[in-house]
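Subject: Structure handover

Hello,

Here is the structure I promised to pass on. Please open it alongside this note.

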Amino acid sequence: MIRVLSGPSLPRLWGARLSAAAGIACLLTVGVSQAQSPPPAAVDTPRPTAAEARGQVDAAVGRLTCAGVETTETGKGLRIAGYVGSDEDAGVLKAVLTALPPGIDLEARVAVRPWPLCEALDIAGLAGGPKENPEGQRADAPTLGFNRPSLVYRKGETLEITVTAGMPGHLTVDYIDTDGSVIHMVPMRLRRDDRVEAGRPVTLGVAKSATDRIYTIAPPFGPAMILALVTRDPLFPADREEVEPAGPYLAGLRAALAALPADAKGAVAVRSAVLTTVAE
């Protein structure tokens, strides 16, 4: 969670509640070599193919409610990467992986990203962004620089972000928290001009004038996400509520991207980053 300040000393009231346990992002890491001891020689068990194993994994992923998991066949098995929306879903996926027949090597790195982060990541993927992985990111995607390169922020610290667009257009930057809220950093009523030029940095969270917002880390703590998009046309008007519930907003964001003119759908660049906020 961040508290929004207008200038260095004028707090804007904003409260929410979330249990500490619900705010901790987990990571499912599985490095399983299923090429264990072969079955007895008397039993001629066909070696399963990577394609067959991939089909089982993909079927399991398809039953998850909020997930973005990519399965890639390798020379010896499968590489699984992405995110799921809960510890329960991570357990389901891990059970499927460990139940695969012997003979399949697995490499899996799957993060737990509670809603609404998982839905925001899904929208980022549909808009052309990677699923928490810079590999394959289009060259004109915006870059995000943070005043804490570790992306770990402690209570009372300020969040400062430098966004550098890779193409000209209109910038949308949102802070999304697992308490179910979204803070619009650009555009918003104090920063209506969302136009950006390629290669020119835009700094958020630094008080250069009386209208600049300062973002201070406050409870509840846990994972949060920055979602930045550059589009040829504006996605939203600047006068929408600065803080709003994530559910309606993400539905609106998905609809706004889908409603872009056909010749503008390819002119969308996106980048996301997951932060961790802690009390100490």
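Below is what I found, element by element.

First, the ground rules. This is a predicted model, where local features need pLDDT of at least 70, side-chain atom pairs count only at pLDDT 80 or more, and totals for chains, interfaces and linings use all residues. Residues are numbered from 1 along each chain as its sequence is written, and side-chain values use heavy atoms, with hydrogens and water left out.

Strand 4

Start with strand 4, residues 77-84. Helices (H or I, at least four residues) and strands (E, at least two) are DSSP runs, numbered from the N terminus. Buried means under 20% relative accessible area, exposed over 50%, and partly exposed in between, with a 1.4 Å probe and protein chains only.

Strand 4 pairs with strand 3 (residues 68-73) in the antiparallel sense, over 6 bridges. Pairing requires that DSSP finds at least two bridges between two strands. Val-69 has Gly-82 of strand 4 as its bridge partner. Strands 3 and 4 form a hairpin, with 3 residues between them.

Strand 4 also pairs with strand 5 (residues 105-112), here in the parallel sense and over 8 bridges. Ala-81 stands opposite Arg-109 of strand 5.

The disulfide

There is 1 disulfide in the structure. The term covers a pair of cysteine sulfur atoms within 2.5 Å. Cys-66 and Cys-118 form it, with their sulfur atoms 2.0 Å apart. The link of Cys-66 and Cys-118 is right-handed, with 110° about the S-S bond. Cys-66 lies in the loop between helix 1 (50-62) and strand 3, and Cys-118 lies in helix 3 (residues 117-126), so the pair ties together parts that are 52 residues apart in sequence. Cys-66 is buried, at a relative accessible area of 14%. Cys-118 is buried as well, at 1%.

The cores

A nonpolar core is a set of buried Ala, Val, Leu, Ile, Met, Phe, Trp, Tyr and Cys residues joined through side-chain atoms within 4.5 Å. The largest has 29 residues, and those with the most contacts inside it are Phe-146, Leu-159, Val-173, Tyr-175 and Ile-226. Among the elements that give two or more residues to this core are strand 9 (169-177), strand 10 (181-186) and strand 14 (222-231). Strand 14 gives the largest share, 4 residues. A second, separate core has 26 residues, including Leu-121 and Leu-253.

Strand 9

In strand 9, 9 of the 9 residues are buried, so the rest of the structure largely encloses this strand. Which strands does strand 9 pair with? Strand 14 is antiparallel to strand 9, over 8 bridges. Val-173 has Ala-228 of strand 14 as its bridge partner. Strand 10 is also antiparallel to strand 9, over 4 bridges. There, Asp-174 stands opposite His-184. In the hairpin of strands 9 and 10, Gly-180 takes a positive phi near 95°. Strand 11 (residues 195-196) runs antiparallel to strand 9, joined by 2 bridges.

Best wishes
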